[in-house]
Amino acid sequence: MQNDQKRRRFFTRRSFILGGIKFALIGALGSRAYYLQIIKGRDYQSLSDQNRMKLVLYPADRGIIRDRYGLPITRNEQSWRLYLDTSMRRKNREELLRNLAQMLNIDADAFVKAVNRRLPVNHRLLLLEHMEWDQVSSIELRAPELPGIFVESAKLRVYPYPTTFSHVLGYVAPVAEKDPEAELFKRLPEMRIGKNGVEKSFDEELRGVPGVKSQEVNVTGQILKETPYKAPISGADMWTSLDMELQYFAHQRLSQEKSASCVLLDVMTGEVLVCASFPGYDPNEFGRGIRPDTWKRLLNDIRVPLMNKSIAGQYPPGSTYKMMVGLAGLKAGVVNPHTTFFCPGHFFLGNHRFNCWRHEGHGTVDYKRAIEVSCDVYFYNVGMRMPIDDVSAMVRKFGPGELTGVELPGEKAGLVPTEAWKKKRHKDIWRKGDSVNAAIGQGYVLATPMQLAVMAARLGTGKEVKPTMRRHPQGKPYPKWKDLDVNPDHLAIAKDGMYGVVNRGGTAAGKKLNLPDFDMAGKTGTSQVTAISRLKGIPASEQDWTQQHHALFVSYAPTANPRYAMAVVVEHGKSGSGAAAPIAKDVYTKLYELTQARIAGAKPAMPPPEPEDVGAIVGSMLR
């Protein structure tokens, strides 16, 4: 009896323990199911959707870039692209690719290797771009033998005037990993974005909104259902301030030199009518995938064709700097408009001799005459009589030393030195000799052609003109530029001196514009790039091109009521009056002729297209 009771208590206790364990297990499973289905249900549902849904994006047509009269400077042409659907599993993919390579008559090993290097990238992998029509026909004809291979139409960005506009327009190219847009367009490897010039500055406006389509697929990649296709929205056309005919002419004129640049502004609106830099490059090659040998040639060219010299070329401004040094001297009171200095052809600072460009000297000159004949000695005297910071403060009012803000990437600020700058940069104090050099735009001073054009515009108007690449809206009032904080009487003397440079026997006397009601004021500049001591004894005719002086000319026109301002820089062009001023005269003359013709009713016309070096059209991924 007692044994039965003990056995019964034993089984009861065991049943209780087993029941508890069973209850705990059921509770744990229930909690886990609640966590997975209720708490994390939305997350796992989302992941599940991503596994069976794929998003396909389609690039939008890029907006057309136009000149100020609506003439197209770019266009989009029909092109064809070849894709591989990577979501489809197949064991014989390599065999398929080799057959495809044979069909396209391209290197099969390189083709397979390039494709495998990119797998897996997306649901569709771009194999070839810019296919020729016979290639497309061959693929379409044998489509049943090429499962997962398909052709789609696309638009190719084309620049019909490649070298004329290469620097100012820039180019488009595939999105790189380092680009901020890389994450946004990682599903769209065929996307092109602006990489330079206007294409980059206004990329968001030009690129538009990609089209999209969702596809539901099974585990083998077979499409089960598609959402309605949402078409892409084309990018907006952009109207620039450029005058196509004038830019074309300026570029042709610059091409008579080895390396040169030209900027022409409308001082009323700040619009950039011409922004030319020679030599240029073919931006079409970047869109198609530039060849290594072409890239290497561009990099090794000593004329630096990839640089937009209009905004990134930094040059000693030479004598084009002198008007502002004189204005600084007048403001500081170290000279007055009637102060004269005698120029014997040289100037001594201690035992160091600084020469004037005219070895026999200019005799006695005042500020205005010093500008007309570009007397170095006058400005040596002015520069060393006041702190360099006073000179720099005046110069900055006219633009050099700061970014102009024109809507182009890669602009340089130039350099307008101060005492603090030299102490920080060179760990040295500012010396009198530095002031003498800076007084004629040499030494540490640097400026870009865009800054020099702005400087000329501000000298001509006395206003704080700012450049822009956008066309000013028709019918709207012109911008109200702020007055420069410069004594108008002093500015008038400087302007009269610039008038004399061209029209009263100054350094650019032979470049006078012989046009009705359209005269020009200007200033020549010849900036030294190699120390004279290094060239001593070497005849000019035997000096290397890179050792020759830079030639500069800044100007505005007409003088009574300035409407235009221009800067021309000819690298190693020897002299401003001999190389740069003639270009300015020709561009102003062309501007005048075009203006008169348009007033008479002639419509702006597109210049003849430049010959385009298309080269072999093959897929960029094979290069």
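Apart from neighbours within four places in sequence, asparagine 381 is in contact with Phe341 and Phe347. This description rests on a predicted model. Asparagine 381 lies in helix α15, which spans residues 376-383. The relative accessibility of asparagine 381 is 10%; because buried residues are those under 20%, asparagine 381 is counted as buried.

The protein as a whole contains 22 helices and 19 strands. It comprises 623 residues, of which 50% count as buried. The accessible surface of the protein amounts to about 30400 Å², and carbon and sulfur atoms contribute 53% of this area. When contacts between residues at least 6 apart in sequence are considered, 73% join residues at least 24 apart.

A helix pair was also examined. Two packed helices are described by the angle between their axes and the distance between the axes. Helix α3 (residues 93-104) packs with helix α5 (residues 133-141) at an angle of about 140°, and the axes of the two helices are 10 Å apart. Angles over 145 degrees would count as roughly antiparallel; α3 and α5 are therefore oblique to each other. The crossing in which α3 passes α5 is right-handed. On the side of α3, the contact involves Leu100, Met103 and Leu104, which meet Gln135, Ser138 and Ile139 of α5. By residue class, the contact of α3 with α5 consists of four nonpolar and two polar residues, with no charged residue.

Note on methods. Residues numbered from 1 in each chain as written. Predicted model: local features only at pLDDT ≥ 70, side-chain atom pairs only at ≥ 80, totals over all residues. Heavy atoms only, no water. Helix = DSSP H or I, 4+ residues; strand = E, 2+ residues; numbered from the N terminus. Buried < 20%, exposed > 50% of the residue type's maximum accessible area, 1.4 Å probe, protein only. Contact = heavy atoms within 4.5 Å. Areas by Shrake-Rupley, 256 points an atom, 1.4 Å probe, with all protein chains shown as cover. Axes fitted to C-alpha atoms, helices over the stretch in contact; angles between N-to-C directions. Parallel < 35°, antiparallel > 145°, perpendicular 65-115°, else oblique. Left-handed = near helix turned anticlockwise from the far one by under 90°. Nonpolar A, V, L, I, M, F, W, Y, C, P; charged D, E, K, R; others polar.
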